[in-house]
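Student: Please take a close look at one part of this model, element by element. Then set it briefly against the rest.

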Amino acid sequence: MADCEKLLAILEEKFGAKRDLADKWGFTVLVERENLHALMLFLRDDQSAKFDVLLDIVGVDYLGFKDYEGPRFAVEYVLKTMKAPVRRMRVKVLVSETDCKVPSIADLYAIANWQEREVFDQYGVVFEGHPDLRRLLNHAEFEGHPLRKDYPAHKRQWLSTNDYLLPELEARLESKGYKIVARSKEVMPNDDEYLEGSRKV
Amino acid sequence: MTALAEKANIITSSLDFIVNWGRKNSLWPFPYGTACCAIEFMSTETARYDLSRIGSEYVRFTPRQSDVLLVAGTITYKQAPILKRIYEQMAEPRWVIAMGACASSGGFYDAYCTVPGIDHIIPVDVYIGGCPPRPESFFDAMFQLQEKIQDESYMKARAERVKEQLEMIKAKTAECKENAEKAVKNAVSCGVQTIKEGKDNLMKKVAFWKE
């Protein structure tokens, strides 16, 4: 705990971070989104912190939360270090519904790429500077963000065709130095023929 | 004849019986396993339970070669078009078994992403309850499917299938008949005309020679 106090003092001084008192048993700091990127960089690289593992990025929707006042959404970053035993912390950014944007940290942690995509998919929080912000779990034709509290619980959305992942795969192969020499007819299907029977009526 | 009878290689039977007998004892499943039900299916295939005892010897991993589509596991909306496409690729006759609570009804996934039962997408022949069902339940489902197949009629299905063709052939036959009748009538009336003319000529000649 003494560790945390020391770290908190540094974070307060450098990035204007505050301790989140709602988290009674853990160590959570609240930070403004302008300082988030610098703070994460500090936590990753500084000798006193060395949080080198990003465990998770979590979205929170506070709509209808009991006795809560403040911005509707929050994004939490769960951090862990391999250098010291049992040292974990969380960084929390509050985001309002009207300006639902957070700077991306995909350049700091590689895993943040997909985790941010997931939060974007489920909550609609936009991560600025993300290299490829697409839906991760839900299908391409999905509308809305299902983990928001105002998403109707029994709403179902049909997908009319398979998600076609080949262009993405080819782009990835090409980025690794492969070259697409030829495609068979099955790989480049005629849309009408390919989708026959699977289309939404 | 006697030689053939001695070899005893002839049986008489109805076509329906022999076709159904063949079909129900060689049901090759296509395992569409997406969850823990597929694990139970694997143990059904192993020597302890041994699904090959009832002729489901081979598990085919291509829809073109299989008869039974075995949907074992949760189907999400993202998965649904793929399942439908697999079903469409199977050759007839084809049957579907929905294995477990998820495939039958969506199970406890009452959520935005799960299809509430695969019968929203494709027709299902047999449902199996359980989460996951034991291999015995799977056997029971196969027996039920076999009973169902026994009641099917190949000839009736065939009649249904070639109904249009038959009607076309019937119509064509009727048309040909009509044409032939017309031609015959024409020919007969022509013949009658010629005979009449000949008779008239003859009468004229007789009259002439009489004079």
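Tutor: Two strands pair if DSSP finds at least two bridges between them. Strands (E, at least two residues) and helices (H or I, at least four) are DSSP runs numbered from the N terminus. The model is predicted: local features need pLDDT of at least 70, side-chain atom pairs 80 or more, while totals for chains, interfaces and linings use all residues. Residues count from 1 along each chain as written, with chains lettered from A and ligands numbered from 1 in written order.

Now the sheet of chain A. Five strands form an open sheet with mixed pairing, in the order β1-β2-β5-β4-β3. β1 (18-19) and β3 (53-61) of chain A have a single partner strand each, so one side of each lacks a neighbour in the sheet. β1(A) joins β2 (residues 28-30) of chain A through two bridges, antiparallel. There, A:Arg19 faces A:Val29 of β2(A).

At the β3 end, helix α3 (residues 112-123) of chain A lies across β3 and β4 (73-80) of chain A. α3(A) runs at about 10° to β3(A), an angle taken from 0 to 180 degrees between N-to-C directions of axes fitted to C-alpha atoms, for helices over the stretch in contact.

The contact (C-beta atoms, placed from the backbone, within 7 Å) takes 12 residues from chain A and nine from chain B. Chain B's side has five nonpolar, four charged and no polar residues. Nonpolar means Ala, Val, Leu, Ile, Met, Phe, Trp, Tyr, Cys and Pro; charged, Asp, Glu, Lys and Arg; polar, the others, Gly among them.

How values were computed. Contact = placed C-beta atoms within 7 Å.
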